[in-house]
Amino acid sequence: MAEGDSGNSNYEYEYKQVIVVRTDLAMGKGKLAAQAAHAAVSALKEAEKMRPDWALKWLSEGQPKIVTKVSGLEELLRRYELARSLGLPATLIVDRGLTQLEPGTVTCAGIGPAPVHEVDKVTGDLKLLRCRGREGAQPPACPTDRAAPMKIRVHNENIN
């Protein structure tokens, strides 16, 4: 995968999920991780309703997902609307405002699971969200940015 490119991958899979996170918000790492997790789960639930076949195939491929970034709300909403117009499972995450953000703040979107070539129409040009090191230190490469999706065994009868 090219540095910062969310479009193409060296790993072979047919389905993926992309989480799109706003970088203009002052979220701590834990808050950002929680918001991305909300997006991943919510988008999967949407896919299970819209395209259960995509959800099952994505699960069987090891749940490949990529976390990307946009600079603000307008860009996030544009990507979300494009995904919906293409018939892709997509969700917006709105924070309840209990900790770091104001109530009603839209933090991120989950797009997919869906076929890679369809998701790439929406997010293929976005940069990866990178890990940050200590202030003033050069951040190490984030090992999860390039890690192959974990292979898991999925039992269809357990998925609702």
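This is a predicted model: local features need pLDDT of at least 70, side-chain atom pairs count only at pLDDT 80 or more; totals for chains, interfaces and linings use all residues.
Reply: Start with the order of elements.

Me: What makes Gln63 partly exposed, rather than buried or exposed?
Reply: Its relative accessibility is 28%. Buried means under 20% and exposed means over 50%. The value 28% falls in between, so Gln63 counts as partly exposed.

Me: Where does Gln63 lie?
Reply: In the loop between helix H2 (52–60) and strand S2 (65–70).

Me: Which residues does the cis peptide bond join, and what is omega?
Reply: The bond joins Gly112 and Pro113, with omega at about 15 degrees. Most peptide bonds are trans. Pro113 is found in strand S4, residues 106–115.

Me: How much of the chain is buried?
Reply: Of the 160 residues, 44% are buried. Each of these has under 20% relative accessible area.

Me: How confident is the predictor in the chain?
Reply: The average pLDDT is 83, and 74% of the residues score at least 70. Over residues 1–6, pLDDT is below 50, though the model gives this stretch 23 contacts beyond near neighbours in sequence. Residues 134–160 also stay under 50, with 37 contacts beyond four places in sequence.

Definitions and conventions. Residues are numbered from 1 along each chain as its sequence is written. Side-chain values use heavy atoms; hydrogens and water are left out. pLDDT is the predictor's confidence in each residue, from 0 to 100. Contact means heavy atoms within 4.5 Å. Buried means under 20% relative accessible area, exposed over 50%, partly exposed in between (1.4 Å probe, protein chains only). Helices (H or I, at least four residues) and strands (E, at least two) are DSSP runs, numbered from the N terminus.
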